[in-house]
Amino acid sequence: MGRAKLTLETDRELLAFIFARFIDGEFTGLKEGYALNRAPNLEAADFLARQIRDEIRHANMYRTLYEYTAATKKIPPSPRLLTLIMAPVTGRLWLEHCFLDKALGERWVLCLMETLIETVDDRKIVNHLKAIAKDERTHIAFGEEQTRAGIGQSAFRRFYLWGLYLRVDFALALAFRLTRSLIQKRYSTAAAALLTDFFSDARARIRREIAELVGVPARNSLWQLFICQLIFLIRLPCVGWLRNPRKTF
Ligand SMILES: [Fe+2]
Ligand SMILES: [Fe+2]
């Protein structure tokens with residue numbers, strides 16, 4: 001039996017909510033502007049400049065989808081709890097940026113988009129999502145390539161990036177736990193199933209892919225999560241291993 005589909009008739013509210021949050025995500029993508037300062041060479045700077053154009057185009061496409069689903073132009077702000085849980089996930093060093101924002105953050109978004117492409121019964125929405133997903137795959141591939149190069153042979157960087165991943169994974173698990181009953185009560189069965197699948201299947205898949213990218217076993221470790229988050233937040237001076245790469249313009 002095929003999986004139940006989301007339709008505009010039954011899931012308009014949820015789809016509008018998702019597209020509004022996707023617009024927030026695309027604005028986060030504009031932080032690529034800051035990352036330009038850290039680009040190690042002209043090729044990387046060129047990629048970021050093209051990516052900024054992509055993200056602006058995506059924000060406009062999501063705005064079209066939001067207006068199409070919500071039938072209003074007024075985009076509601078992100079709920080405070082969601083903002084609080086998800087921030088800060090933007091890396092400040094080149095390696096952190098390529099890993100957190102591109103290889104990990106954009107991967108999460110792409111997984112949600114792919115789930116929607118499979119389950120939404122609306123040609124306009126699916127076509128828009130497919131066009132955006134194509135660009136997002138190139139952003140993730142660039143993030144992966146730079147992450148691999150940035151890790152090099154460093155065991156410390158592997159440890160550190162996996163610790164940062166655990167923090168993001170923890171935040172998403174918490175977001176799901178806090179919203180699960182609300183999702184089940186408020187949305188259609190198809191929508192609740194989509195979100196549950198996303199937070200379980202996609203989460204497991206991302207875990208495997210990130211462990212492979214970083215080159216570590218996919219293991220949970222609370223102390224690693226805390227230590228790496230501490231290093232991230234206070235930028236411990238002992239961590240000379242986390243310098244930006246030398247520029248070769
Ligand atoms: Fe995007
Ligand atoms: Fe992107």
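Guide: Two residues are in contact if their C-beta atoms, placed from the backbone, lie within 7 Å. This is a predicted model: local features need pLDDT of at least 70, side-chain atom pairs count only at pLDDT 80 or more, and totals for chains, interfaces and linings use all residues. Residues are numbered from 1 along each chain as its sequence is written, while chains are lettered from A and ligands numbered from 1 in the order in which they are written.

Visitor: Which residues does Gly163 contact, leaving aside its neighbours within four places in sequence?

Guide: Gly163 sits in helix H7. Helices are DSSP runs (H or I, at least four residues), numbered from the N terminus. Beyond four places in sequence, the contacts of Gly163 are Gln224, Leu225, Ile227 and Cys228.

Visitor: Is Gly163 buried or exposed?

Guide: Count the other C-beta atoms within 10 Å of a residue's own: 20 or more means buried, 12 or fewer exposed, and anything in between partly exposed. Gly163 has 22 such neighbours inside 10 Å, so Gly163 counts as buried.

Visitor: How does Lys124 count, buried or partly exposed?

Guide: Lys124 belongs to helix H6. Lys124 has 13 C-beta neighbours inside 10 Å, so Lys124 counts as partly exposed.

Visitor: Which residues does Ile117 touch, not counting those up to four places away in sequence?

Guide: Ile117 lies in helix H5, residues 94–119. Ile117 is partly exposed, because 15 other C-beta atoms lie within 10 Å. Setting aside residues up to four places away, Ile117 touches Val126, Leu129, Lys130 and Ala133.

Visitor: Are H3 and H6 roughly parallel or antiparallel?

Guide: Axes are lines fitted to C-alpha atoms, for helices over the stretch in contact, and angles run from 0 to 180 degrees between N-to-C directions. The axes of H3 and H6 are 10 Å apart, at an angle of about 160°. Angles under 35 degrees count as roughly parallel, over 145 as roughly antiparallel, 65 to 115 as roughly perpendicular and the rest as oblique. H3 and H6 are therefore roughly antiparallel.

Visitor: How are H7 and H8 set, roughly parallel or antiparallel?

Guide: The axes of helix H7 (residues 155–186) and H8 come within 11 Å and cross at roughly 175°. The contact includes Trp162 and Phe176 of H7 and Phe199 and Arg207 of H8. H7 and H8 are therefore roughly antiparallel.

Visitor: What residue, with a positive phi, follows H9?

Guide: Helix H9 (residues 222–234) has 13 residues and reaches 18 Å from its first C-alpha to its last. The expected span is 1.5 Å times one less than the number of residues, and H9 is close to its expected 18 Å. Next, with a phi near 45°, comes Arg235.

Terms used:
Helix = DSSP H or I, 4+ residues; strand = E, 2+ residues; numbered from the N terminus.
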